[in-house]
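Please keep the sequence and the model in view while reading.

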Amino acid sequence: MSLPDKGRSTEELLAEITRLKRDDLPVRGGKVTAYVYDTGRPEVHEAAARAYFEMLEVNTLDPTAFPSVVEMEKQVVGAVAELLGGGCGIFTSGGTESIMLAVKAARDSAKTEGRPRMAVPVTAHPAFHKAAHYLGLVLDAVPVDPVTFRASPAAVEAAISEDTVLVVASAPSYPQGVIDPISEIAAIAAARGVPCHVDACVGGWLLPWLREAGASVPPFDLSVPGVTSLSCDLHKFGYSPKGASVVLFADPALRRRAYFASASWPGYTVINATVQSSKSAGPLGGAWATFQALGREGYLELGRTTLAAARTLREGIAKIPGLRVLGDPESALIAFGSDEVDVFVLSDEARKRGWFLQPQLSYAGIPANIHITVTGVTLRGVEAMLEVIAEAAEAARGRGPARLPEGLVELIAELDLDTLDDETFGELAASVGVDLGGSGQPEMAVVNAVLDALPADRREAVLIRFLSVIYS
Ligand SMILES: Cc1ncc(COP(=O)(O)O)c(C=O)c1O
């Protein structure tokens, strides 16, 4: 696109946006079982959108210039703290930023001789790898139990060294939706004098409602002795528009370590609670309005329907020939695998039928599988979802496993992806059926099978190359 010579009308722009979005996955309706969170109540999302728009141009950079930001943030963070064991917090743009700030606070509070390290279960979100990468920490990956997929407290303990500044546990971890043994891990961390972060990005605003709706949910929040910080995304089960998360700290002194101030230049003084400096207060307005529009009753009702849908889905999937649910998920995230059908082909077959079921690659001994995030709207379509999964599984059985072009995995494993030109990368993509310049949805089973056959560092190199090519 080049900049138009003359300005265009709003109608024209909106029509163009509609055209640009034509191949997007639908954000409402429950047929996309990852990325998006639908209450099934359009009026709630409408209230959030209007409040977002109302706060759009407000810059959170200077809280003295826009006191509305302070008031709204105190209300939103206060509500999260009230539900999750107290403490004080920061409103951030998402789980990754909440985690970055928790890691920064831990790093800056500690005095280590060597490079600071953190002990992180292999099922924890890559945001911890990103934080380690950006903030100069070493990440010690901790194995999980191969049957339950929960972090092993003994393995966490073994990973703690003199230089460990943070121990991590998830409530729940995303891949299999299981809750790590938070109390045990936090007690171990406390006994060793190390802070413990609970990643409740998914579960923070979900598990309390599931518990109230009848699920058995172990203690996981700041009320657990030894837990020093916690991340809770509002743009997940808070059902807020994207750009909304909260990081809580048990101690205000720890929160101060997450902040950044600079007076070392001749311009305005910079005081930032978050990574970003200038940013829109829109997401804060959206989160505030979603809380207000749903209220306690609204969230509890969503917890009830989510729990009912998750249970129906688990039981239903277990009855489909060849499929098995991985672990014993206590939340609203369910993963299933198969020894009989190729789950990547199954995912493509579901996509042909209008449903997006998220494929997950094998890692650390955990087999490739399909991930489903159950939300408030899922219950209405849960039987249809089960039918599609059963049909897709049968179709995948009929098709057999994805066939990889001979020698391709070996070729990619050897290639120097940094120096490869875009054209050759495009040809490689085409050999697995992906037209990098094209639109629409290619079949992904072969791509996923190729990635699955590569070690993690090669997968990462391919993905980075892919990103740079699609944006070129
Ligand atoms: C458990 C967990 N933690 C952190 C994150 C990162 O959140 P975000 O994508 O908002 O940065 C996710 C995202 O799915 C997650 O599932």
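## Terms and source

Two strands pair if DSSP finds at least two bridges between them. Helices (H or I, at least four residues) and strands (E, at least two) are DSSP runs, numbered from the N terminus. The model is predicted: local features need pLDDT of at least 70, side-chain atom pairs count only at pLDDT 80 or more, and totals for chains, interfaces and linings use all residues. Residues are numbered from 1 along each chain as its sequence is written, and side-chain values use heavy atoms, with hydrogens and water left out.

## The chain as a whole

The secondary structure of the chain comprises 16 helices and 13 strands. Its radius of gyration, taken over C-alpha atoms, is 23 Å, close to the 23 Å that the globule rule gives for 472 residues, so the chain is as compact as a globular protein of that length. That rule is 2.2 Å times the number of residues to the power 0.38. Along the principal axes, the C-alpha atoms fill a box of roughly 65 × 60 × 50 Å.

Buried residues make up 50% of the 472 residues; buried means under 20% relative accessible area, exposed over 50%, and partly exposed in between (1.4 Å probe, protein chains only). Among contacts (heavy atoms within 4.5 Å) with a separation of 6 or more, 72% join residues 24 or more positions apart.

## A four-stranded sheet

An open sheet is formed by four strands in the order β10-β11-β13-β12, with antiparallel pairing. Its edge strands, β10 (323–325) and β12 (358–360), each pair on one side only. From one strand to the next, the twist averages 35°.

Three bridges link β12 to β13 (residues 369–373) in the antiparallel sense, and Q360 stands opposite N369 in β13. The loop between β12 and β13 contains A364. This residue has a positive phi of about 50° although it is not a glycine, and A364 is exposed, with a relative accessible area of 53%.

Helix α11 (residues 343–352) lies across β10, β11 (333–338), β12 and β13, running at about 120° to β11. Axes are lines fitted to C-alpha atoms, for helices over the stretch in contact, and angles run from 0 to 180 degrees between N-to-C directions.

## A buried glutamate

In the loop between β10 and β11 lies E330, which is buried at a relative accessible area of 18%. Its side chain and that of R150 are joined by a polar contact of 2.7 Å. A polar contact is a pair of N or O atoms within 3.5 Å; within protein, one must be able to donate a hydrogen and the other to accept it, and residues adjacent in sequence count only if both atoms are side-chain atoms. Leaving aside residues up to four places away in sequence, E330 touches R150, G177, V178, I179 and L210.

## Backbone exceptions

Most residues other than glycine have a negative phi, and most peptide bonds are trans. F149, in the loop between β3 (138–142) and α6 (153–159), has a positive phi of about 65°, and F149 is buried at 5% relative accessibility. The peptide bond from A171 to P172 is cis, with omega near -10°; P172 belongs to the loop between β4 (164–170) and α7.

## Cysteines

Zero disulfides are found in the whole structure, a disulfide being a pair of cysteine sulfur atoms within 2.5 Å. The sulfur of C201 is 7.7 Å from its closest cysteine sulfur, in C232, which is too far for a bond. C201 is buried at 6% relative accessibility, and C232 is buried at 0%.
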